[in-house]
Amino acid sequence: MSETGFDLRHSAAAFPAVENRLGLSRREFMEFCAALAATMGLPASAEAAIATAVEKAKRPSVIWLHFQECTGCTESLLRAEHPTLEKLILDVISLDYHETLMAAAGHQAEAARQSAMKANKGKYVLVVEGAIPTKDNGIYCKVGGHTAIDMLKECAADAAAVIAIGSCASWGGMPSTGPNPTGASSVAEVLGKPVVTIPGCPPNPYNFLATVVHFLTFGKLPAVDQLGRPKFAYSRLVHDNCERRAHFDAGRFAMEFGDVGHRQGYCLYKLGCKGPETYANCPTILFGDAGPGSWPVGCGHPCIGCTEKGVGFAKPVFQLATLKNVVPPASYPRIVEEQGNSSFAAAAALAAIAGAAAGGAAMLARNLGKPSEESKPSAPDKAE
Amino acid sequence: MTEHAVSHAPAPAGGRLISPVTVVLAALALAAAVVLACRFVYGLGAVTNINDGFPWGIWIVYDVMVGSAFACGGYAIALLVYIFNRGEYHPLVRPALLASLFGYTLAGVSVIFDLGRYWNFWHIFWPGYAQVNSVMFEVAVCISLYILVMWIEFSPAFLDRLGMSGAKKKISKLMFLFIALGVLLPSMHQSSLGSLLVIFGSQIHPLWQAGFLLPLEYLMTAVLLGFAVVVFEATLVSLGFKRAMETALLARLARFIWGLLIAYLLVRVGDLAVRGALVSAFRFTLEAFWFWIEMICFVIPVWLLAAPAGRSNPGVLFAAAVMLMAGGFLLRVNGFLVGYETGAGWHYFPSLPELTVSVGLIAFEILAYIVFVKTLPVLPAQSATPR
């Protein structure tokens with residue numbers, strides 16, 4: 001109790017600075033912190049810790065590199081409908097180098113990156129957007145005369161944390177789709193060590209933001225799965241929490257776009273939805289803060305599996321997904337319930353058993369009834 | 001009393017365990033095991049014909065309902081010997097108890113085969129999960145307890161062999177308690193098996209929907225079946241092990257059977273008449289057909305066992321016992337399957353794998369009985385004079 005009180009007083013005292021910095025009301029700010037705590041699956045008590053961390057004037061320096069990509073990840077961060085999100089993105093972190101957003105150009109921009117790296121050596125967060133071409137010594141992507149490989153290695157050397165945002169940076173994404181003419185590779189492959197990945201095309205901004213705030217709050221990156229994806233966001237199949245899941249279990253499927261089933265919101269599995277083999281929290285946190293239904297499957301399009309290596313950009317969009325761990329068990333109700341059948345063989349077998357039992361019993365009784373009494377144990381047909 | 005106790009001290013029957021009969025029985029039991037393995041891997045739908053309209057099939061109706069009723073030999077004889085104090089029937093107790101032991105244990109285990117989510121079976125015993133107002137709860141707890149009680153009742157037979165005479169002495173001191181429970185528990189759950197039908201209400205054909213009399217009818221037939229099974233089993237054991245017939249003993253038992261049978265038929269037919277259900281017995285339906293077969297199975301033994309001459313003829317006795325068993329079997333199959341209707345279109349007939357399991361369970365029961373009788377002191381030591 002007293003701790004909470006202290007935290008609140010502390011927060012309240014520190015708040016004017018945040019208010020000035022972010023241009024937010026306190027209510028809006030706390031809502032934002034609560035949303036982040038919820039995204040990460042943290043208890044309500046973490047909210048205060050997050051608020052304290054975010055309020056600190058010292059924002060972590062972030063260097064944001066762009067390689068082979070479409071800038072969709074950045075766009076999704078900026079275009080989030082939450083009214084203050086883009087402000088928070090720019091103010092919670094100190095975005096010192098970002099080719100899309102920075103006003104500087106040319107050598108001036110490169111100088112900003114160098115100075116940020118020097119000033120925050122060992123403390124800055126490196127965010128990489130886009131795949132890195134590795135073929136022919138990486139000449140297919142150059143910024144300021146440097147190849148993507150060189151830039152990445154240089155920036156990663158002194159970074160406190162490396163986060164690969166988007167599918168391209170996570171495993172190569174769309175640019176790595178066969179025949180992969182540029183040898184597009186992931187951040188982890190180029191650096192030769194695992195990094196935190198936030199795959200998605202684009203990824204949900206909250207997943208990225210929550211990862212960064214986790215780093216701010218706890219001084220370390222969140223727990224990740226074997227592909228480097230934060231577990232708070234990527235530990236469940238899309239299928240598990242899908243709002244159309246009940247239709248799947250009941251065997252109600254949209255068979256083509258615009259048919260009766262599609263219009264009634266049936267399961268999109270047969271249209272190629274990759275929800276059953278894709279790990280992501282899309283159905284629970286949705287996109288763009290626009291309310292229910294605001295995610296691909298909610299709008300009637302099958303999931304393309306953009307967060308899953310080997311699924312997104314690899315499998316045809318309308319190809320049937322592999323059911324990863326939800327092959328319906330035999331105990332699930334079938335679509336058409338059989339009302340009972342009987343086979344001739346079973347009837348014959350039952351009749352044979354009944355006949356043999358009756359016949360055996362009758363013969364036994366007859367033999368027993370003979371006056372000779374207990375002398376004839378001649379009943380090899382039944383039981384004994 | 002003492003004379004019987006001395007001359008009928010149980011002893012192992014001895015003899016080879018591997019014979020053509022045991023091999024065939026083992027093969028049948030093995031076939032059942034294979035089907036059950038499929039059932040646990042692929043689910044109930046893969047091997048049974050049960051469906052949403054008939055959520056149980058012969059695995060419940062035969063293996064559990066009929067199986068436990070057939071296993072009432074131990075109960076019926078214990079009732080006679082210990083409650084009505086008829087000590088002369090004591091030689092029948094151990095063999096009957098053994099048959100009951102297997103019958104009930106297998107009936108209890110069979111329930112698991114039929115449970116869709118068998119891994120949740122323990123819920124019914126667990127406070128908080130169990131629905132203590134349900135008939136099924138009463139049946140499940142009661143049958144489980146009875147199986148335990150029977151193993152304790154039978155334990156003197158194998159404790160000796162295991163060299164645990166100390167434990168045997170202790171158990172013997174408390175045996176009166178278990179014997180009392182062994183009579184009380186079947187009275188409770190055999191009647192409750194009838195109560196299950198009460199709940200189904202109009203889904204049960206009027207010929208078998210006896211309402212509040214169902215528990216009584218099922219209890220009476222359970223005792224009847226128990227006696228009939230004792231006669232059946234004693235006859236087959238005498239033949240199979242080439243022992244003297246216990247005809248004199250069984251003939252006296254048959255008098256009880258006859259009296260109880262008359263009482264049962266009065267209740268059964270009286271109930272049908274009072275409810276006006278007798279009319280539907282004269283309609284040309286499948287239910288009426290099976291009703292008449294069932295009634296014939298109950299009525300003919302009345303006639304067979306009426307005269308002392310019939311009762312002392314082992315052939316007639318055996319025939320009456322088999323008919324009574326068939327009657328009790330049909331009463332249960334008719335009530336739970338033939339006369340059971342949940343809606344248009346649903347029907348049920350057992351599949352071959354289901355039959356295989358039921359036959360295999362019977363085979364296993366007989367096989368285990370043979371093994372136990374040959375190796376443990378169950379049957380009374382053979383006396384020279386045939387009784």
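## Ala32(B) and its surroundings

In this predicted model, Ala32(B) is buried because 21 C-beta neighbours lie inside 10 Å, and the cut-off for a buried residue is 20 or more. The residue belongs to helix α2 of chain B, which covers residues 20–42.

Which residues does Ala32(B) touch beyond its neighbours within four places in sequence? The contacts are Thr356(B), Val357(B), Gly360(B) and Leu361(B). Ala363(B) is 331 residues away from Ala32(B) along the chain, yet the C-alpha atoms of the two are separated by 9.4 Å.

## Organisation of chain A

Chain A contains 17 helices and nine strands. Of its 384 residues, 39% are buried.

## The interface between the chains

Where chains A and B meet, 26 residues of chain A are in contact with 38 residues of chain B.

## Confidence of the prediction

For the complex, the predictor reports an ipTM of 0.77 and a pTM of 0.58. The average pLDDT of chain B is 87, and 96% of the residues in this chain score at least 70.

Within chain B, helix α11 (residues 286–304) has the highest confidence, with a mean of 94, whereas helix α1 (residues 2–7) has the lowest, with a mean of 43. The pLDDT is below 50 over residues 1–7 of chain B, a stretch that has six contacts in the model beyond near neighbours in sequence.

Key:
Residues are numbered from 1 along each chain as its sequence is written. Chains are lettered from A and ligands numbered from 1 in the order in which they are written. This is a predicted model: local features need pLDDT of at least 70, side-chain atom pairs count only at pLDDT 80 or more; totals for chains, interfaces and linings use all residues. Helices (H or I, at least four residues) and strands (E, at least two) are DSSP runs, numbered from the N terminus. A residue is buried if 20 or more other C-beta atoms lie within 10 Å of its own, exposed if 12 or fewer, and partly exposed in between; C-beta atoms are placed from the backbone. Two residues are in contact if their C-beta atoms, placed from the backbone, lie within 7 Å. pLDDT is the predictor's confidence in each residue, from 0 to 100.
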